[in-house]
Amino acid sequence: MDIVNQLVATGQFTIFKQPLGFIKVLQWFFAIFAFSTCGGYSGVFRLSVECKNRTESNLNVEVEFGYPFRLHQVWFDAPTCKEPQPERIFLVGDNSSSAEFFVTIGVFSFLYSMAAISVYVFLMEKYREGNRGAQADFVVTAIFTFMWLVSSSAWAKGLSDVKRATDPDEVLNLITACDHEDNQCKEIHEPVMSGLNTSVAFGFCNVVLWAGNLWFVLKETGWLAAFAGTHVSSGEKQPAPESFGQGYGQEGYAGTQGGYQPDYGQQSGGYEGGGYNQGEYGHGEPTSFSNEM
């Protein structure tokens, strides 16, 4: 209990309130649903072959199949309506490659999501240190996004082949006795494919989740900040007019003030003491003007 308490105390569980951690938890759950609904599937369908001679009939032919859907290895015995020994019939198709590929991606996604969640909770500081952890997380997330897309598409195609190969109407065409009009062949029970349809849906949901998580992991890598930093540095050239204005206001204008500073004190000295009111300007200037004339 002490170890558990220490882990809980040191863990940063607030990461689950952020998109980075919350989406990772969804990826963990959806990966479980995807590979479990596909890997744990087992289906069955039943047929009825009624011969003209009813003693040779088999009104309950049961065919079982399941993951990894190597249908060419699935067989059942059907009456021939001619001989006492039944004939052995094999289904058609092998979809194990797409099914196993889909399940493998689901299992590895589950393991990686669980490991990433542990890092987010207990090693977040080292994850963000130098951005190397986030950059590796981004690369792995991009790979899983692509692999989910490929595996889900391949399994969707494989599922359509499985449905066609296990269709009771198609299987009846493989029975020799059903080619004769005197014999009556029909299906009793169709296989339930809802679980496999769900697996395909979960597969494409994982594509959306992993693709959407790329943005939030990208923000942790520091690449966006570096990219934005280049634009900021190039934009720093724009403050030049401001510095020019400051220099002009402080130096240029100051220079003009230093170059031309009229001495208003001397000019106004003649007006001090009320000289203008006493007629000093009127007596002095007309005399000089008359002399010049």
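Is Cys 51 buried or exposed? At 3% relative accessibility, Cys 51 counts as buried, where buried means under 20% relative accessible area, exposed over 50% and partly exposed in between (1.4 Å probe, protein chains only).

This is a predicted model, in which local features need pLDDT of at least 70, side-chain atom pairs count only at pLDDT 80 or more, and totals for chains, interfaces and linings use all residues. Residues are numbered from 1 along each chain as its sequence is written, and side-chain values use heavy atoms, with hydrogens and water left out.

**Disulfides**

The structure holds two disulfides, a disulfide being a pair of cysteine sulfur atoms within 2.5 Å.

| Pair | S to S distance | S-S torsion |
|---|---|---|
| Cys 51 and Cys 81 | 1.8 Å | about -70° |
| Cys 178 and Cys 185 | 2.1 Å | about -100° |

With its torsion of about -70°, the disulfide of Cys 51 and Cys 81 is left-handed. Cys 51 lies in the loop between strand S1 (42-50) and strand S2 (58-66), and Cys 81 in the loop between strand S3 (75-78) and strand S4 (87-90), so the pair ties together parts that are 30 residues apart in sequence. Strands (E, at least two residues) and helices (H or I, at least four) are DSSP runs, numbered from the N terminus. Cys 81 is buried, at 17% relative accessible area.

The disulfide of Cys 178 and Cys 185 is also left-handed, and Cys 185 is partly exposed, at 23%.

**Other cysteines**

Cys 38 is buried, with a relative accessible area of 0%, whereas Cys 205 is partly exposed, at 33%.
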